[in-house]
Amino acid sequence: MSDLFADAESAAGDGEPTPAELRDLQARADALARDVAAVRERLKQQTGLPRAVRGALPGDVGETLTRAARRIGEAAEKLARVRAAQWPGSCTAWWGVCPRCGPTLRTENGRSWCEECGAGWGYDRTRSPCGEPATFLAMDTQGGTVVVCAAHGRHIQDRLEGGLLLSMPTS
């Protein structure tokens, strides 16, 4: 195997990839995009070469690599949010709300904001795990339980028919 794939092989371990691994992969894709762009510019500057050789690397190669690097970075951010939401004591709701106002979010172009208070997030909070500190234990009539933050607790309280919403003691 060539040294070209040595880094990829060492990163390909068992288990879930970490956000750090994805960020490293993003950095390598960014570097490759810059290298392709630099070689493309050097080829374009070589007047003694036939035109077909000077134009051998189309611009969309670098653009494609740049887009791929951005998507890898977005995946790293999402994975980090999912992992943070899994920490003990975090809200386990998998739909977003404004921590202050509740279900008042709008999302456009991958960014969310609250229509009431104007708070904003640089990601789609409506499709991300909450991860805010849990303050309530919600129990439905079948005994199913979920720990949720204050905003999700207020939202759930209006919809719990016969269930309980219990405040959790804070330490």
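Start by selecting R125: at 4% relative accessibility, R125 counts as buried (buried is under 20% relative accessible area, exposed over 50%, partly exposed in between, with a 1.4 Å probe and protein chains only). This is a predicted model, where local features need pLDDT of at least 70 and side-chain atom pairs count only at pLDDT 80 or more, while totals for chains, interfaces and linings use all residues. Residues are numbered from 1 along each chain as its sequence is written, and side-chain values use heavy atoms, leaving out hydrogens and water.

E132 is partly exposed, at 25%.

From E132, hop to G89: its contacts beyond four places in sequence are E132, P133 and A134 (contact means heavy atoms within 4.5 Å). Then pick A52, and you'll find its C-alpha 61 Å from that of G89.

Next up is S112, in strand 2 (residues 111–114) (strands are DSSP E runs of at least two residues, helices H or I runs of at least four, numbered from the N terminus). S112 is buried too, at 2%, and touches R125 and R106, among others. Show its side chain with that of T107 for a polar contact of 2.6 Å (N or O atoms within 3.5 Å; within protein, one must be able to donate a hydrogen and the other to accept it, and residues adjacent in sequence count only if both atoms are side-chain atoms).

Finish on R106, whose side chain meets E115 in a salt bridge at 3.8 Å, N to O. R106 is partly exposed at 36%; E115 is exposed at 53%.

Terms used:
A salt bridge is a side-chain nitrogen of Lys or Arg within 4 Å of a carboxyl oxygen of Asp or Glu.
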